[in-house]
Amino acid sequence: MPPAAITLTGNICGAGAGTALALLRPGPAAGVAVAALLAARLACANLDGGVARDGGRATSFGSVLNEVGDRAAELAALAGCLAFAPSALVLAAALAATLPSWVALAGAAAGLDRIQGGPVGKTERCLLLALLAAIGFPVVILGVLAAGSAVTALVRLLRLARAARLVRTTRDAR
């Protein structure tokens, strides 16, 4: 299977999760549907790059598609919240959800290792959306998602600052 097809499948799953969030009332059925779609989205996000590398099909543009696809899938899932949550909160959550990746990608663009981790990364954001689908409380859960994503971005930024200092110190010692 071409890696781009896996990325596209992840986008479709993200959009499906957003659709389920928008159309289903909070409860067990919505929770299971959103959780399953987001689990498939995460699987695709983890598989596409590996399939490309293992199959000798990795390209620079494929990496760009992977990153753009990852953000698009997450934003599509969050867009489903516009059906029942204040739009300003959904937009804040969507912006905050992209911040950890922006920080990690900026560090990589600067020649540092790509930093991962933090309290509310991609997996945790998916879990929060599945929880929202299962029990409701969109203001609380989207608030946690937004605040946790912002903290994750800050944690990554601080890790990058430390890594940059180590690189500079090592370079200056030579």
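## Salt bridges and helices

Helices here are DSSP runs of at least four residues, numbered from the N terminus. A salt bridge pairs a side-chain nitrogen of Lys or Arg with a carboxyl oxygen of Asp or Glu within 4 Å. The model is predicted. Across the whole structure, a search finds six salt bridges.

R71 and E67 share helix 3. They sit four residues apart, about one turn of the helix. Their side chains form a salt bridge. The closest N and O atoms are 2.9 Å apart.

## D70 and its two partners

D70 forms a salt bridge with R41. Here the closest N and O atoms are 2.9 Å apart. R41 belongs to helix 2 (residues 28-54) and D70 to helix 3 (residues 60-79), so this pair ties together parts that are 29 residues apart in sequence. Both D70 and R41 are buried.

D70 also forms a salt bridge with K122, with the closest N and O atoms 2.9 Å apart. This pair links distant parts of the chain. K122 is in helix 5 (residues 122-135), D70 is in helix 3, and 52 residues separate them. Are these two residues buried or partly exposed? K122 has 24% relative accessibility, so K122 counts as partly exposed. D70 has 7% relative accessibility, which is under the 20% cut-off, so D70 counts as buried.

Shared partners build a wider pattern. Salt bridges join R41, E67, D70, R71, R114 and K122 into one network.

## R156: buried without a salt bridge

R156 is found in helix 6 (residues 138-173). What is the nearest side chain of opposite charge to R156? That side chain belongs to E124, 6.9 Å away. R156 has no salt bridge, yet R156 is buried.

What does the side chain of R156 reach at 3.2 Å? It reaches the backbone oxygen of P100. P100 is also on the contact list of R156, which leaves aside neighbours within four places in sequence.

## Summary

R156 is buried and has no salt bridge, but its side chain reaches the backbone oxygen of P100.

Conventions. Residues are numbered from 1 along each chain as its sequence is written. This is a predicted model: local features need pLDDT of at least 70, side-chain atom pairs count only at pLDDT 80 or more; totals for chains, interfaces and linings use all residues. Side-chain values use heavy atoms; hydrogens and water are left out. Helices (H or I, at least four residues) and strands (E, at least two) are DSSP runs, numbered from the N terminus. Buried means under 20% relative accessible area, exposed over 50%, partly exposed in between (1.4 Å probe, protein chains only). Lys and Arg count as positive and Asp and Glu as negative; His and the chain ends are not counted. A polar contact is a pair of N or O atoms within 3.5 Å; within protein, one must be able to donate a hydrogen and the other to accept it, and residues adjacent in sequence count only if both atoms are side-chain atoms. Contact means heavy atoms within 4.5 Å.
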